[in-house]
Amino acid sequence: MSDETGQATEQETNRIGLWLIGARGSIGVTTAVGLSAIGHGLADLTGCVTATLELAELPLVEVDRIVLGGHDITLTPIQARAEQLAASGMLPAAAVTAASGDLDRFDSEIRHGATAHANEAQAEIVDRLATDITSFAERHELARVIVVDVSSTEPLPEDRPEFHDAALLAEALSDPQQAPLPPSSLYALAAIRAGAPLACFTPSASLGLAVLQELAADRIPYAGQDGKTGQTLLRTALAPTLVRRGFRVLSWAGANVLGGGDGATLADPQAVGSKLTSKNRGLRSLVGDHVVTPLHIDNVPDLGDIKTAWDHIHAAGFLGSTITLQTIWTAYDSMLAAPLVIDLARLLDLADRSGARGRIGELGFFFKDPWGSDVHDYALKAQSLYVWARERAGAVTELTR
């Protein structure tokens, strides 16, 4: 956690907390099983960016020093959810069995999320959520807590004056008859109040509201928005390749089919709107607004947590020759997301230890719609991340001398 001056402080322990919003969802459970499997020697950090050659030697917190907690509004026990995911073929059964004790401990640290009691103003909800985070840190004597929002996608709210004025927001939050903030932004404000660095792994509003970014600017490091796991990862690598080769991209059509909780959530036209916008914005910035980029997402319940994404790319080459490229990406999306959640916890811990505050644009490497950066090119984002991480590691070294 951070002191009132905004400077990073270290307690005697070097353990940190990872507080997951949507803790009982597929990503939260997969993260928990993964951390436990690594701790038991049943898995390694394959799939984690922080385990790659460019970052592995930096002074990042060891994964066995991460303590899990979180918020959720569902009551399904973590162990039961993990067993469901193992039965579906996503999680290794042996890892779930070995993780049983760790999952029970995680479950005991999950607190009820942002739902209002009778006549409860949103200010009271935020206070309660922030207290859950600070109490967790105190209970486990943690150096800091990193909050990562992995909850279901929300429809984006209509703009309102309170999103741009802290005084107006405070007034509205104190009125039980008003509810100016969507749930994701209540969690974000709670993280700010608790002095907990935050990453938004969904396309929900969260800390994307101008008034909240202003409040966070000198309090916490934060990053977002909408984790880049599969289809968009390929797009941000392929699109710059085609453009740099001198080809003229004419159209880039995409489709996604998936089931599970995400599929059900994205079946809502309002919820899917923010996801489609997030996925397409980066592509258009790379190939140009003139390119036709139709994209749709379909809920296919029998697919469970497996997600398949198709892209059909049509481009023109020398003398107007036709070029087509088709890609198919199939994976368990939560298995792609969980290692990135671990990465973000380790890197935001590094940011906080080094005294960084406000938007960390370099962590936009992990996101479809990066806050604090207009760059989407995968290679450029990766290089920016590596440089930033080395600089932050150097700052930590200086602070500890």
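Predicted model: local features only at pLDDT ≥ 70, side-chain atom pairs only at ≥ 80, totals over all residues.
In the one you have on screen, the ring centres of tyrosine 222 and tryptophan 371 sit 5.9 Å apart with planes at 70°, so the pair is edge-to-face. While you're on aromatics, select Phe365, Phe366 and Tyr378, which ring pairs link into a cluster.

Next stop, the sheet that holds E6. Colour its seven strands in the order E3-E2-E1-E4-E5-E6-E11; the sheet is open and the pairing is parallel. Which strands stand at the edges? Those are E3 (110-112) and E11, each with a single partner strand, so one side of each has no neighbour in the sheet. Go to the E11 end, where E6 and E11 pair in the parallel sense over two bridges. Pick proline 221 there and look across to glycine 358, its bridge partner in E11.

Helix H5 (residues 122-139) lies across strands E1 (16-21), E2 (66-72), E3 and E4, and runs at about 160° to E2. Then show helix H7 (residues 183-194), which lies across E1, E2, E4 and E5 (198-200), at about 165° to E5.

From strand E4, move on to arginine 160, in the loop between E4 (144-149) and helix H6 (166-173). Leaving aside residues up to four places away in sequence, arginine 160 touches Gln178, Ala179 and Pro180.

Time for a helix pair. Select H2 (residues 78-87) and H4 (residues 100-108), whose axes come within 8 Å and cross at roughly 130°. That angle makes H2 oblique to H4. Show side chains at the contact: Ile78, Gln79 and Ala82 from H2 meet Ser100, Leu103, Asp104, Phe106 and Asp107 from H4. Colour these contact residues by type and you get four nonpolar, two polar and two charged.

Last stop: the other sheet. Select its four strands in the order E8-E7-E9-E10, an open sheet with mixed pairing. E8 (295-299) and E10 (322-332) are at the edges with a single partner strand each, so one side of each is left without a neighbour in the sheet. From one strand to the next, the twist averages 10°. Follow E9 (residues 306-316) alongside E10: the two run antiparallel, joined by eleven bridges. Click threonine 308 and you'll find threonine 330 of E10 opposite.

Finish with two helices packed on this sheet. H9 (residues 231-244) touches E7 (248-258), E8, E9 and E10, and its direction makes about 170° with that of E7. H12 (residues 333-353) touches E9 and E10, with its direction at about 80° to that of E10.

Methods:
Residues numbered from 1 in each chain as written. Heavy atoms only, no water. Axes fitted to C-alpha atoms, helices over the stretch in contact; angles between N-to-C directions. Parallel < 35°, antiparallel > 145°, perpendicular 65-115°, else oblique. Contact = heavy atoms within 4.5 Å. Nonpolar A, V, L, I, M, F, W, Y, C, P; charged D, E, K, R; others polar. Pairing = 2+ DSSP bridges. Phe/Tyr/Trp six-rings, centres within 6.5 Å; stacked < 30°, edge-to-face > 60°.
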